[in-house]
Structures are given as structure tokens and as C-alpha cells.
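Subject: A structure for you to explore

Hi there,

Here is the structure I promised to pass on to you. Have a look at it first, and then read on for a tour of what turned up.

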Amino acid sequence: MALFDVSGYKSHAGLRGQILGTGVGHLIDRPNQEFAVPVGVDPSGFLKSCSREGGVSTDLNHGTTTLAFKFRHGVIVAVDSRASAGSYIASKEANKVIEINPYLLGTMSGSAADCQYWERLLAKECRLYKLRNKQRISVSAASKLLCNMMLGYRGMGLSMGSMIIGWDNKGPGLYYVDDNATRLSGHMFSTGCGSSYAYGVVDSGYREDMTVEEAYELGRRGITHATHRDAYSGGVVNLYHMQEDGWIKVCKEDVSELIHRYRKGMF
Amino acid sequence: MEYLIGIQGQDFVLVAADNIAANSIIQMKQDQDKMFKLSDKILLLCVGEAGDTVQFAEYIQKNIQLYKMRNGYELSPKAAANFTRKNLADYLRSRTPYHVNLLLAGFDETDGPGLYYMDHLSALAKAPFAAHGYGAYLTLSILDRYYRPDLTRDEAVDLLKKCIEELNKRFILNLPSFSVRLIDKEGIHDLEKLMPVGAK
């Protein structure tokens, strides 16, 4: 059939071999194959041998708290800024939010290298989408692209927990995407090892009809209280607000100053 | 942690799934829909490893739709179940098997209602009732005790409620809500979400 050839359609069996199981890792645009992994190599086993379990005293950067929640006036995004390598603080002012375009933000938690690489790749794909289709990519599609990138390297030891926040024709969008290709849409997510503390504070203080200032304060509180309890989170709170006409960076405040300000209520 | 249940009647299949999407000890989402519509009269319920569930279910869903586009007619529930099982089996001995447990429920014009149980080792069984998850250990005996092949729709929903109340009473994890759907010759119908309340 002529349409078959023109559309570049590949039969079921051919595609299956290409997507998984032949030992070769593929990226979404096939001509540009990066990280072709030879058969027999086991990246996740290798990674295990490089960490504390394998007797080597280096761990990948893992500690973080990030949170994002939707409310009446858009989406609030708040992240900490500590990059830890085991018990060593590699950076106290790491940037965990990637500004993909004026209408899309991505947060990073897990392995810093993985997050930075894959989210920058996502930014490239979003730009290509806009050039090809003359239309900004939707938040749903952007998160699906990232999810499929994770799927291509399933079982190979990637570590990434990220949220894609944006505003498109359907309104404010918030998606959680992680390294085992989970993709969830929701009203509130928090990721990283300090996430449980953030959930506690934000869940109990959340109201759908908050004012913008109250929402900023809730985001700050969530990160601050999480950094107080979690050893692997700290530094500064970077706060963003996703509005209809794009995101704005609200503030960047040191967590230790915030915690002293909140002391009266705590002790 | 997750729970699926299906009950087949004379001319319908009733299915229900819990609504929690969890990640270690955190409930990330409380309104997750674990049922995937394969066609007008076939539903696939899918639980298992994070990421695998949605990916595998969407893969099957799109392939079933592709079959309809290429051939002009839809796969029957039995054929869809066997197709799904074959895919699970093919991936089972690969480097990246899909760790998913499934229930496929459908209504066929000629064969009537059908409920198919599939697990992550790609077993397939057609059953009058079935359940997946830790909750199955508590509820299969209830189904054994009270199931009859000539259940009416209301009686089947009551049996489902019995199972869910048992989970609410004895299961250590909290599953606050369940999506319920019914498939009959008219298609797929959404029923009211079940939300068990209070301790007994």
C-alpha cells in the first residue's frame, strides 16, 4: 500500500525489536542515536558496584525536596538547592528548576546528572516541536516525551523524579514523571527524600481559594520545614509561579533565615 | 497494595479497581483510573510495577485500535485476551519483562460476557470471578461463598460491596475509593464510585 511506504510505518515485529530487548538503547529520534549500549553491558549492576554497597565511598547526588501545587491563580513551584553526594554537600546553591520555555518549567530530583541531561534534551525536543508545528507543545505532550525517554532506558539505573509544570490551552498543567516511566497528572506533587515532610505541611495548609501571597507562603513553608527535618535538603528556596502568561520567579530565600522567622510557632 | 476485582453475570461483567497511585509510603494520586478502554465493549484493568502498568496497557490499547483500523472489525474479548497474553509471554524472558497483573472484561455478541484473568507470568484463565492484589486473599472466599452464575446486576453490586467492606475492615492498607464499571451488550457503563466509610 502506497500509504504504508510514505508514512514510514514499521510492522509490529520490527518495532518491538527496536524499542526494547535487543540490548540497544534508543532515543526518540532514531537517526540521532545516543548511548547505543552494547549487548551484555549491565549499567545498573555497574552503578551498584560504584556506590557504598560496592565498597566505594561515592554516592550519586540524591537528596532534594521539590514541590508543586495548583491553585486558583495558577501553579506554585518551590525547590530547595542542596546537591549532596553521600554525606558531602557538593553545592548549596544548585539550580533544580529548568526553564524550558516561558510557559514550561521542569523540576529535578534524584541523580543531578540524569535530571540535567534529560530535561535539557526535553527542552530541545519542545523547541523542535514548536518549530515543526508552529505551536507551543502542550504540557501533556511534553511530559509524555520525557516519560518515553525514561522508558527507553528502563532497568538501566537512571534516577530522576521530576515535575513538568506549564500553562497551555487546557489551562494550568502539572505532571509528575519519574525514572520508571510513571507519569501522573494531579493537583499537588512533591518529590525527593524530603517529600514526605513537604506533603505534611502543604496538605494541611492548602485551600483551593488561597490568595497568591498565601500560596507563596505555603510553598516556602513546605520546603523550609522539609529542609529542617531532612539532612539531604537545604540551601535556599527557589519559588516560581506559573501564570496564564508565563512563569515568574518569585523569590530566592535562605532556608536558615526562614526557619528562624518561623521559630515562634515551632518551639 | 492495589486491588482489582471482576464478577461475571449472565449477560454482564462487573469490574472494580481501587483509585490510589502510590510511591513507597506516599499516596501520590487518589483518583487514578486503572481501567483502560480497549474497545466499545472491552476493558483492561491493569496493576503492577510503576510505569509498566500504563505503558503496557496503552500499548495493548493502541494495538487493538490499530487492528480495527487495518481490518475493519474489532477483536473479540477472547482474541484480545490471548493477544495480550502473547505480548506478556514474549517479553517475559527478555531483559525487561512487564511486571503487570491484569483483568480483561468484555462482552461478545456471540459468546456473551467474559472475564479473563492474567498475571505477570502470562497465565491466562477465563473465570466467573477473579481478583488481584493482597485484597484478593481476603475476598476470593467471599466470592466463592456467595457467587451464583445467575446473579442480577444489583446482586452483583451487593456482592462487590461485601468484598469492599471486608477490605475496609480487615486489610491493613487504606483504600478509600473504588471505580466501578459494568459491561453489557449496550457497552461500558460507569457506576457510582464506592467509598467505604467508618470502622465496624
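This is a predicted model: local features need pLDDT of at least 70, side-chain atom pairs count only at pLDDT 80 or more; totals for chains, interfaces and linings use all residues.

**Chain A as a whole**

Chain A has 9 helices and 12 strands. Of its 267 residues, 47% are buried.

**An annotated residue in chain A**

Thr64(A) sits in the loop that runs between α3 (43-50) and β1 (66-71) of chain A.

Is Thr64(A) buried or exposed? Its relative accessible area is 3%, and the cut-off for buried is under 20%, so Thr64(A) counts as buried. If you set aside the neighbours within four places in sequence, the residues in contact with Thr64(A) include Asp80(A), Lys96(A) and Met108(A). Also among them are Ser109(A), Gly110(A), Thr191(A), Gly192(A), Cys193(A) and Gly194(A), along with Asp230(A), Tyr232(A) and Ser233(A).

**A covered strand in chain B**

Now turn to strand β2 of chain B, which spans residues 12-18. How many of its residues are buried? The count is 7 of 7. Phe12(B), Leu14(B), Ala16(B) and Asp18(B) point one way from β2(B), while Val13(B), Val15(B) and Ala17(B) point the other way.

Which strands pair with β2(B)? One of them is β1(B), residues 4-8, which runs antiparallel to β2(B) and is joined to it by 5 bridges. Ile7(B) has Leu14(B) as its bridge partner in β2(B). With 3 residues between them, β1(B) and β2(B) make a hairpin. Another is β11(B), residues 178-184, which pairs with β2(B) over 7 bridges, also in the antiparallel sense. There, Ser179(B) in β11(B) is the residue opposite Ala17(B).

**Salt bridges**

Side chains of opposite charge can pair when their charged atoms come close. Over all chains, 25 salt bridges were counted. Here are some to look for.

- In chain B, Glu109(B) and Lys41(B) form a salt bridge, with their closest N and O atoms 2.7 Å apart. Glu109(B) lies in the loop between β7 (100-108) and β8 (112-118), and Lys41(B) in the loop between β5 (35-39) and β6 (42-48), so this pair ties together parts of chain B that are 68 residues apart in sequence. Glu109(B) is exposed, at 61% relative accessibility, whereas Lys41(B) is buried, at 17%.
- In chain A, Arg207(A) and Asp209(A) form a salt bridge, and their closest N and O atoms are 3.4 Å apart. Both partners are partly exposed: Arg207(A) has a relative accessible area of 40% and Asp209(A) one of 42%.
- Back in chain B, a salt bridge links the side chains of Glu155(B) and Arg148(B), at 3.1 Å from N to O. Glu155(B) is partly exposed at 32% relative accessibility, and Arg148(B) is partly exposed at 38%. Some salt bridges also share partners: Glu217(A), Arg220(A), Arg221(A), Glu253(A) and Arg261(A) are joined into one network in this way.

Which residues form a nonpolar patch on the surface? They are Met1(B), Ile172(B) and Leu173(B), and together they have about 340 Å² of accessible area. Met1(B) belongs to the segment before β1 of chain B, and its relative accessible area of 56% makes it exposed.

Finally, look for Tyr67(B) in helix α1 (residues 52-71) of chain B. Tyr67(B) is partly exposed, with a relative accessible area of 27%. Leaving aside neighbours within four places in sequence, Tyr67(B) is in contact with Gly72(B), Tyr73(B) and Leu75(B). Leu194(B) is 127 residues away from Tyr67(B) along the chain, and 34 Å separate their C-alpha atoms.

Enjoy exploring!

Best wishes

Terms used. Residues are numbered from 1 along each chain as its sequence is written. Chains are lettered from A and ligands numbered from 1 in the order in which they are written. Side-chain values use heavy atoms; hydrogens and water are left out. Helices (H or I, at least four residues) and strands (E, at least two) are DSSP runs, numbered from the N terminus. Buried means under 20% relative accessible area, exposed over 50%, partly exposed in between (1.4 Å probe, protein chains only). Contact means heavy atoms within 4.5 Å. Two strands pair if DSSP finds at least two bridges between them. A salt bridge is a side-chain nitrogen of Lys or Arg within 4 Å of a carboxyl oxygen of Asp or Glu. Patches are made of residues with over 30% relative accessible area and no salt bridge: like charges are joined within 9 Å, nonpolar side chains (Val, Leu, Ile, Met, Phe, Trp, Tyr) within 5 Å. Accessible areas come from the Shrake-Rupley method with a 1.4 Å probe; for residues, only the protein chains shown count as cover.
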